Amino acid sequence: MQTGRSSSQGEGDSTGNFRLHMVTWNVGTAEPPSDVTSLLQLDSQDAVDLYVIGLQEVTATPLRFISDLAYDDSWSHAFMATLAPMGYVKVSSIRMQGLLLLLFSKLAHVPFIRDIQTTYTRTGIFGYWGNKGAVSVRLSFYGHMLCFLNCHLAAHMQYATQRVDEFEYILDTQDFHMHNTPHVLDHRVVFWFGDLNFRIADHGMHFLRSAINSNRLNLLWDRDQLTMMKKKEAFLQEFEEGPLSFKPTYKFDRGTENYDTSGKKRKPAWTDRILWRVKPEAPPPEQSETKLQDQGHDSLLKVSQDTYTCDMNYGVSDHKPVIATFRLELQKKCETPLVRVCAEEEWSADRDVIVAYSILEPFPSSTWDWIGLYKVGFKSAKDYVTYTWVKDDEISSSDELIKVYMSKEEIPLLGGEYILCYYSSNMQSIVGISDPFQVQESKAAIEQGLVPENINGLDKFTAN
């Protein structure tokens, strides 16, 4: 029963370096490709800690959208199926019609991703259908407040000012039930990304294609509408962006690397973007210099971008996906999980089993908190085998240890390697994870000669 505390440093003493991999892609109602390895750069030598994936124009016909509300959509399935075997868990997602935002984390970080909240804003067709707008996820990552904002703004060349107005409206209207970060810009770091739909102004088609084909992209930068609008709007100047050293990602003939050859012949543009903003430090002026240094050390968080590019290998959409990787260097404000949880004694489906847990740090627990049993390599918090309510199924309690039971009827007959996770309903996150442990094969499984058969991703049991 490990506490999760660093072996050499006290609470909040260590600095962590984390790698964030972000993707934005307007998928043009297409189904996911068979392989997303390149998109996630899984062959890279550098291990990724967090994946954040923002999609636009996911298929959202009424019947399909209702189906996706009941079951995860095909894009979520594709990313979960690829990342789960690599040790990543989907910790949050939000869908608003065609907008989808997914956040995955290495399992080790999951107990330190807390206070997760999501929200959305509609801007398209008078705000009713939600074909344009924004979805966001906010969270605390080792005590630092991050917000990820996936947008799909108004299209067409002439609406640059409207796009800025829409973004300002999104920032004004999105709020969270957090006293310290009620609005998007209150967060320590905000990542703003999506199909922002800014175009390249003034230049004709011949000049655009000549500059792109000769790789003289710098000739186009000063007429990029977002770059132009940043010079006019002070609030946009707070957002940073890497150099546009990759080809414009819109608009392509599907399945090719050829820009639009249809009758419309849309001009190429950097519509798909990833920007970030670090909240400026504004300490009270009366504080002493020593206190300011201490405060700066306590809130240390540095963001640096390693890569900013597009992936031309994917042709299912008329947009190419844009990828950015970041390094987050931060002072860990928490290194102990809120809950320590473990399996007591030997587990099998031959008898009821006991889960023991301890509260290590105070947090707003709820009667709706539960502990789930998960197979090692699980995809998301909903991917449990079974669960127990921490209050309703409690069998003993002391100041240091609380025990709850799980019925033998819910324990896998064939056994295998599993973990237990404590889920906080108020924080919308897993706040404690056990070490992996073995569930033994039950006597019934041995007597009946049961063997696992994988059906639709689930282990069903059939007689051998």
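This is a predicted model: local features need pLDDT of at least 70, side-chain atom pairs count only at pLDDT 80 or more; totals for chains, interfaces and linings use all residues.
**Overall picture**

The protein chain has 464 residues, and 52% of them count as buried. It contains 10 helices and 23 strands. Among contacts with a separation of 6 or more, 69% join residues 24 or more positions apart. The accessible surface is about 21300 Å². Carbon and sulfur atoms hold 49% of that surface.

**Helix α7**

Helix α7 spans residues 225-232. Its buried residues are Gln 225, Leu 226, Met 229 and Lys 230. These residues lie on the same side of α7, because they cover an arc of only 140° around the axis. The general rule is that an α-helix has 3.6 residues a turn, so residues three or four places apart point the same way.

**Salt bridges**

The count comes to nine salt bridges. Three of them are set out here.

| Pair | N to O distance | Sequence separation |
|---|---|---|
| Asp 72 and Lys 90 | 3.5 Å | 18 residues |
| Arg 223 and Asp 202 | 2.3 Å | 21 residues |
| Arg 273 and Asp 224 | 2.9 Å | 49 residues |

Take the pair of Asp 72 and Lys 90. Asp 72 sits in the loop between α2 (62-70) and α3 (74-83), while Lys 90 belongs to strand β3 (residues 88-96). Asp 72 is partly exposed at 25% relative accessibility. Lys 90 is buried, at 7%.

Arg 223 is in the loop between α6 (218-221) and α7, and Asp 202 is in the loop between β8 and α5. Arg 223 is partly exposed, with a relative accessible area of 26%. Asp 202 is exposed, at 58%.

Arg 273 and Asp 224 form a salt bridge. Arg 273 lies in strand β9 and Asp 224 in the loop between α6 and α7, so the bridge ties together parts 49 residues apart in sequence. Both residues are buried. A network of salt bridges with shared partners joins Asp 46, Asp 306 and Arg 327.

**Aromatic rings**

The structure holds 28 aromatic pairs. One of them is Tyr 384 with Tyr 387, whose ring centres are 5.2 Å apart. Their planes meet at 75°, so the pair is edge-to-face. Tyr 384 is partly exposed, with a relative accessible area of 33%. Tyr 387 is also partly exposed, at 34%. Both tyrosines belong to a cluster linked by ring pairs, together with Trp 368, Trp 370, Tyr 374, Phe 378, Trp 389 and Tyr 423.

Charged side chains sit over rings too. The charged end of Lys 106 lies over the ring of Tyr 88, 4.7 Å from its centre. The charged end of Arg 163 lies over the ring of Phe 198, 5.3 Å from its centre.

**Backbone features**

The loop between α8 and β9 includes Lys 251. The peptide bond from Tyr 250 to Lys 251 is cis, with omega near 0°. Lys 265 lies in the loop between α8 and β9 as well. Its phi is positive, about 45°, although Lys 265 is not a glycine. Lys 265 is partly exposed, with a relative accessible area of 47%.

Asn 197 is another non-glycine residue with a positive phi, here about 65°. Asn 197 is placed in the loop between β8 and α5 (205-213). At 4% relative accessibility, Asn 197 is buried.

Terms used. Residues are numbered from 1 along each chain as its sequence is written. Side-chain values use heavy atoms; hydrogens and water are left out. Buried means under 20% relative accessible area, exposed over 50%, partly exposed in between (1.4 Å probe, protein chains only). Helices (H or I, at least four residues) and strands (E, at least two) are DSSP runs, numbered from the N terminus. The arc is that of the directions from the helix axis to the C-beta atoms. Contact means heavy atoms within 4.5 Å. Accessible areas come from the Shrake-Rupley method with a 1.4 Å probe; for residues, only the protein chains shown count as cover. Rings of Phe, Tyr and Trp (its six-membered ring) pair if their centres lie within 6.5 Å; planes under 30 degrees apart count as stacked, over 60 as edge-to-face and the rest as tilted. A charge sits over a ring if NZ of Lys or CZ of Arg is within 6 Å of the ring centre and within 35 degrees of the ring normal. A salt bridge is a side-chain nitrogen of Lys or Arg within 4 Å of a carboxyl oxygen of Asp or Glu.
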